[in-house]
Amino acid sequence: MNKIVLITGAAGGLGQAIARQLAAEGCRLVLVSRDIERLRAIYGHQHLQIAADVSTVAGARQVLATAREHELLPTALAHCVGNIRLSALHRMSETDFMDGLNANLVSAFHTLAAFVGALREAKLPGAAVLVSSVAAQIGTPNHEAIAAAKAGVEGLVRGTAATYAANGIRVNAVAPGIMETPATTGILSSSMGREAAARQYPLPGIGSADELAALMIWLLSDHAGRVTGQVWALDGGFSSIRPLVK
Ligand SMILES: NC(=O)c1ccc[n+]([C@@H]2O[C@H](COP(=O)([O-])OP(=O)(O)OC[C@H]3O[C@@H](n4cnc5c(N)ncnc54)[C@H](OP(=O)(O)O)[C@@H]3O)[C@@H](O)[C@H]2O)c1
């Protein structure tokens with residue numbers, strides 16, 4: 001792939017996996033985090049690095065404006081911002097709920113709006129991929145808040161894909177099960193937590209950010225040129241099969 005790709009959440013586990021694979025393919029990258037020091041520590045002086053909070057309209061627009069100033073208007077977007085706050089509904093604090101909505105849904109809305117706005121202005125086609133979760137489709141205990149936010153992301157993907165299809169702008173999402181990233185260290189760091197998590201999936205094991213990154217890169221590539229408005233599960237069968245319970 002030879003594109004300019006915007007990666008939000010680029011200091012996170014998934015964002016780094018995508019950046020590594022795309023850099024190896026020779027893509028030019030625009031990397032976003034709220035913390036420029038983390039980007040510097042991870043990427044050195046490679047790629048265009050931007051400090052911004054894309055869960056605000058101003059932050060998301062600033063990213064596209066800065067990229068344009070550097071003549072690096074992206075035609076592909078991998079939106080990897082999000083968090084995972086788990087709790088039964090009656091116990092979840094207002095702060096955690098709002099943090100989850102901002103990180104997962106509000107950031108997706110503003111980033112996608114700024115991205116398609118910039119593409120339209122430049123009269124360019126493009127592609128975006130957002131990250132949902134298995135929990136958006138299948139009721140999963142203690143995932144009420146993230147399920148609500150990610151179901152919103154899936155609706156946003158379909159609506160945006162419909163609006164901009166005529167402009168040649170494709171929008172898809174991926175829906176992973178649990179993956180090993182900094183967001184899941186708390187769950188996966190003990191062997192008990194890891195085994196309990198792995199047991200939830202028909203295919204044994206825990207997913208990796210590299211596997212999901214490869215799927216997202218394919219969705220951004222011209223190979224997926226006729227794919228839009230879709231949510232692609234990468235979840236060890238969680239959302240589609242039920243193994244025999246022994
Ligand atoms: N890991 C899993 O098991 C799993 C499963 C299902 C879905 N997902 C989804 O996969 C995506 C990537 O997650 P990850 O596992 O790579 O997590 P991660 O390592 O924690 O990275 C997520 C990044 O999101 C950014 N972020 C968090 N809250 C934000 C906010 N309020 N506003 C702006 N940026 C914020 C952070 O960037 P900065 O602090 O650098 O700004 C962080 O680096 C997320 O959408 C997550 O919900 C992950």
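**His143 and the overall fold**

His143 is found in the loop between strand 5 (126-131) and helix 5 (144-164); helices (H or I, at least four residues) and strands (E, at least two) are DSSP runs, numbered from the N terminus. This is a predicted model, in which local features need pLDDT of at least 70, side-chain atom pairs count only at pLDDT 80 or more, and totals for chains, interfaces and linings use all residues. Residues are numbered from 1 along each chain as its sequence is written, and side-chain values use heavy atoms, with hydrogens and water left out.

User: With which residues is His143 in contact, leaving aside its neighbours within four places in sequence?

Analyst: Contact means heavy atoms within 4.5 Å. With neighbours within four places in sequence set aside, the partners of His143 are Leu86 and Ala135.

User: What distance separates the C-alpha atoms of His143 and Ser240?

Analyst: Along the chain, His143 and Ser240 are 97 residues apart. Between their C-alpha atoms, the separation is 18 Å.

User: How many helices and strands does the protein have, and why is it described as being as compact as a globular protein of its length?

Analyst: The secondary structure consists of 8 helices and 9 strands. The globule rule (2.2 Å times the number of residues to the power 0.38) is set against a radius of gyration taken over C-alpha atoms. For 246 residues the rule gives 18 Å, and the protein is as compact as a globular protein of that length because its radius of gyration is close to this, at 17 Å.

User: What percentage of the residues in the protein is buried?

Analyst: Buried means under 20% relative accessible area (1.4 Å probe, protein chains only). Of the 246 residues, the buried ones make up 47%.

Key
Buried means under 20% relative accessible area, exposed over 50%, partly exposed in between (1.4 Å probe, protein chains only).
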